[in-house]
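Take a look at the fold and its side-chain contacts. The report below goes through them topic by topic.

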Amino acid sequence: MSIKAFELVSAIERVKLMSDKAKTQIECLDVCGKNMYIGTSDCFVVHYSIEEKVQPNGRVTFVTEKQGHKFLVVKKPIAQLRAASALNRIMVLCDNTLTLLNMFDLEPIVTGAKIKGVVCFCINENPIRTNPFSVEICVALKKKIIQLYTVTEDRLIHLRDVSVPEQALTLGVDGVCVCAALTSGYCMIDMDSGHITDLFPIDSEQTHPVIKRISKEEFLLSGPSALGIFATTAGVSQRPPMQWSDGLSAVCFVHPYILAMNDEFITVHSILDQQQKQAIPFQGGVFLGDFDGRIFVASSREIYSLVPIPFEKQIQALLADKRVGEALDLARNANKTGMTRDKFLKMFKRIQQQAGFIEFSRQQFEEASQLFKESAMDVREVICLYPHYLPTNVNFTRSVPPLHEIADINQLSKSDESIKAAYKEFLRTFLEDIRGTNLAHGYKREVDVALLKLYAESTPEKLTELISVDTGCDLEDCVEWLEKHQRLHALGLLYQRHGESDKALGVWARLVDSKTNDPSFPGLEFVVTFLSSLADHELLWKYVDWVLEKDEELGVRVFTDRPANEAQSERLRPETVVDYLHRFPRAVITYLEYLIFQRKLEKEKYHTHLAVLYLEAVLKLMETNNVKKEELDIARSKLRHMLQISNLYRVQLILGKAKEKDMHAECAILYGKLEEHEKALRILVHKLKDYGGAENYCQVNSQGKEPGYRKRLFHILLSVYLDSSYERRDTLVAPAMALLNSSVADFDTIKVLQLLPESWSVGLLSQFLTRAIRMSMHNCRMTRLQRMMARGENLLIKQTFIEMQRDAIIMNDERVCAVCNRAFNDPSFVRYPNGIVTHVHCAKNKYICPVSGKLFSAGRR
């Protein structure tokens with residue numbers, strides 16, 4: 001695809017020689033700074049000064065003036081000439097002889113240095129030696145020899161030579177590597193080792209051999225079938241070949257373009273993609289060359305310059321044709337044209353942004369997103385394409401000059417809702433990607449507001465996360481939008497985020513009352529959770545009634561789930577809350593349970609209140625017809641648990657009401673609290689026939705008491721079993737025996753034997769008696785062991801005491817503490833087993849010597 005990369009501008013309309021009648025033609029030329037040297041067909045070297053001028057309209061013109069000329073006598077065409085500004089010399093090849101001329105007066109040098117038999121030569125642009133006052137050249141001789149020379153102001157110094165199998169037609173050199181076109185093919189020559197590597201054959205009669213050095217260690221060669229072939233000094237090709245026109249006569253290179261000349265055209269090719277970009281008609285061309293980035297082309301009498309179109313114009317032309325890939329490739333290589341890094345980066349980022357909008361308009365969203373990110377696009381440039389998505393009070397003006405010609409996405413979608421949805425999906429993804437990165441730095445509000453509006457339209461499930469975590473959304477822009485799309489829960493969260501708790505609760509209350517369908521709203525439980533952590537207690541009381549009327553059990557969590565580190569408030573004192581909750585029976589029970597079981601408050605009125613409420617709940621169920629047994633059992637279980645674990649309620653109050661309704665199990669617990677254990681156990685045994693419960697009663701009520709108390713309870717239980725006044729005492733023989741044989745029960749055997757009826761046989765009591773005798777023997781033996789161990793310990797202590805008394809300790813005025821070196825003013829002191837004596841307060845550890853650190857066993861004192 002074509003692009004205008006160069007413009008043909010006349011430099012010298014007609015070369016002035018000795019006279020206009022002279023039949024002279026241009027053969028070659030060289031440009032060095034403001035000096036141009038022309039070699040002619042009739043052996044003249046002509047010197048021109050040339051200066052480039054840029055007109056106000058941007059066009060480039062050249063001002064030239066002839067400075068002089070020199071006739072070289074031999075009357076043969078000038079084959080090559082090259083200027084060396086560091087030496088003030090011109091190297092001229094004429095009649096197979098290479099000579100040196102002065103750059104300014106064109107006179108031969110005094111020493112007459114020259115090389116004969118030269119076919120061609122070239123300058124080494126990557127010289128082996130870096131002497132700034134010399135130039136390295138490579139010369140091909142008729143003798144099938146290639147030589148390297150160092151050229152100074154007055155001498156040609158031979159360095160080395162290599163023989164080749166055929167005569168070289170043209171040369172290119174890079175360091176010690178020479179690329180040569182022989183009569184039958186190209187080869188790469190290492191001038192150090194003399195090694196020759198064949199590249200590929202050519203027919204020199206059909207193909208004009210061309211060698212052009214394009215970069216370090218890389219050459220471009222004209223190959224068969226009009227191919228341009230790239231070759232490195234290693235003899236390999238790292239780029240695809242380039243196709244150009246037949247009849248190639250010359251090639252030059254100015255990054256990133258390669259220009260090739262034939263009889264009719266000069267074609268411009270890109271080295272980036274090897275494609276032809278421009279064709280410039282030019283007939284009769286005899287020379288084409290590049291000189292420090294400037295390109296000159298000559299016909300037989302005229303000289304022109306191929307002036308490059310500025311890169312920015314080329315790139316803009318490509319972007320106008322929507323050739324994004326080519327524009328970016330060209331832009332990436334603009335820094336190789338001498339542009340400063342800062343200018344290049346600024347230019348390249350703008351081009352990436354323009355390219356991004358082109359891809360955006362073509363719905364190539366992935367490419368557009370990548371370009372926007374790489375170019376650090378001002379995110380507002382993208383958001384402003386979506387009507388009403390920028391915050392209303394953001395004063396944003398699009399880039400000048402504009403990056404695109406897009407009005408908004410309505411222009412691009414052309415009322416197609418699916419296309420509009422795709423554009424919105426792109427914006428959502430793009431903003432999510434850059435949110436929290438440097439690309440969104442300084443534009444948090446714009447990004448979050450745009451995301452909120454997008455989520456409200458199509459992705460409401462993401463609103464909660466956006467608003468809850470460090471959001472930049474403000475109320476001014478978002479309230480109306482959320483109301484419009486019925487995202488009321490998100491609206492409440494936004495109010496909460498901005499400290500408008502009253503408005504947030506109002507929105508959530510509206511959601512609960514109206515049953516509006518908002519899938520993201522968790523329901524009343526969410527409101528309760530919010531209220532339970534609300535620090536504004538005045539506002540809390542404003543909504544407590546409403547919450548409790550909706551759900552008592554849930555609403556009471558407003559009081560029970562308070563933060564652990566919350567400061568005490570008069571409005572939330574337990575007394576205040578309990579008084580308030582009287583209208584809500586289930587809520588007050590839950591709150592009292594919280595005070596007693598979680599906060600462990602030990603106030604009689606709370607405990608009594610809860611016990612009474614439990615009792616009333618049980619009585620209500622007992623009076624209700626068709627009540628489920630499970631429900632009643634659960635209620636009575638809660639009451640019994642409360643009566644058992646608490647010691648703070650008013651027992652007589654509860655007992656009176658329980659006795660009225662024959663609640664025997666509860667009465668047994670209450671008698672236990674009054675220490676009336678016999679009454680309690682008679683209820684369990686005679687009324688409830690709960691023998692296991694009676695045994696458990698003895699265990700529970702003896703916990704934490706002395707062993708004698710435990711035995712007394714079990715004796716009371718046994719006496720209840722053996723009570724002769726009970727009418728059905730025969731039914732209690734088995735429970736009594738089970739109690740006697742229980743491993744849990746604890747008895748005084750003598751007292752038990754005194755209680756037992758005389759009619760009971762020894763066989764009936766054998767298990768109890770056997771266990772009692774064994775326990776007695778065990779206790780006796782354990783007592784003996786303990787007595788003997790105590791006696792042994794006593795003997796050891798006496799022995800230690802005797803040993804300690806054996807060594808006298810003399811305490812006088814001269815004796816000092818081994819730790820602090822001070823005298824003993826007190827009769828008390830400490831002596832360690834190793835003889836160290838210290839003050840009592842200096843002996844930090846009685847098992848470790850404070851001086852030597854020796855550890856003594858705990859058995860010794």
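## Model and annotated domain

The model is predicted. An unreviewed UniProt entry lists residues 23–295 as "domain: CNH". That span is 58% strand and 0% helix. Its end C-alpha atoms lie 26 Å apart.

## Salt bridges

The salt-bridge count is 48.

Lys444 and Asp448 form a salt bridge, with an N to O distance of 3.6 Å. Both residues belong to helix α8 (residues 444–458). They are four residues apart, so about one helical turn separates them. Are the two partners buried or exposed? Asp448 is buried, because its relative accessibility is 0% and the cut-off for buried is under 20%. Lys444 is partly exposed, at 34% relative accessibility.

Glu525 and Arg557 form another salt bridge, at 3.5 Å from N to O. This pair links distant parts of the chain. Glu525 sits in helix α13 (residues 524–532), and Arg557 in helix α16 (residues 557–560). The two are 32 residues apart. Glu525 is partly exposed, with 44% relative accessibility. Arg557 is partly exposed too, with a relative accessible area of 25%.

## A second bridge between helices, and a network

Arg640 and Glu666 also meet in a salt bridge, again at 3.5 Å from N to O. Distant parts of the chain are linked here as well: Arg640 lies in helix α20 (residues 629–645) and Glu666 in helix α22 (residues 664–673). They are 26 residues apart. Arg640 is partly exposed, with a relative accessible area of 29%. Glu666 is buried, with a relative accessible area of 1%.

Which residues make up the network of salt bridges? Asp273, Lys277, Asp321, Arg323 and Glu326 are linked in it.

## Aromatic contacts

The model has 31 aromatic pairs. One of them joins Phe6 and Tyr257. Their geometry is edge-to-face. The ring centres are 5.6 Å apart, and the planes make an angle of 75°. Phe6 lies in strand β1 (residues 6–12) and Tyr257 in strand β23, so the pair ties together parts that are 251 residues apart in sequence. Both Phe6 and Tyr257 are buried.

One aromatic cluster is formed by Phe357, Phe360, Phe365, Phe372, Tyr423, Phe426 and Phe430.

## Charges over rings

Two cases place a charged side chain over an aromatic ring. The charged end of Arg239 sits over the ring of Phe230, 5.6 Å from its centre. Lys484 lies over the face of Trp481, at 5.1 Å from the ring centre.

Val527 is buried, at 0% relative accessibility. Which residues does Val527 touch, leaving out those up to four places away in sequence? They are Leu505, Trp508, Phe521 and Trp546.

Val527 can also be compared with Val558. The two valines are 31 residues apart in sequence. Their C-alpha atoms are 9.2 Å apart in space.

Pro256 is in the loop between β22 (250–254) and β23 (257–261). Strand β23 is also the strand of Tyr257, the partner of Phe6.

The bond from Val400 to Pro401 is cis as well, with omega near -5°. Pro401 lies in the loop between α5 (379–383) and α6 (409–413).

## Positive phi outside glycine

Asp292 is not a glycine, yet its phi is positive, at about 50°. Asp292 lies in the loop between β26 (287–291) and β27 (294–298). At 76% relative accessibility, Asp292 is exposed.

Asp662 likewise has a positive phi, of about 55°, without being a glycine. Its place is the loop between α21 (651–660) and α22. Helix α22 is the one that carries Glu666. Asp662 is exposed, with a relative accessible area of 53%.

Conventions:
Residues numbered from 1 in each chain as written. Predicted model: local features only at pLDDT ≥ 70, side-chain atom pairs only at ≥ 80, totals over all residues. Heavy atoms only, no water. Salt bridge = Lys/Arg side-chain N within 4 Å of Asp/Glu carboxyl O. Buried < 20%, exposed > 50% of the residue type's maximum accessible area, 1.4 Å probe, protein only. Contact = heavy atoms within 4.5 Å. UniProt positions renumbered as here; feature names shortened; annotations may be inferred. Phe/Tyr/Trp six-rings, centres within 6.5 Å; stacked < 30°, edge-to-face > 60°. Lys NZ or Arg CZ within 6 Å of the ring centre and 35° of its normal.
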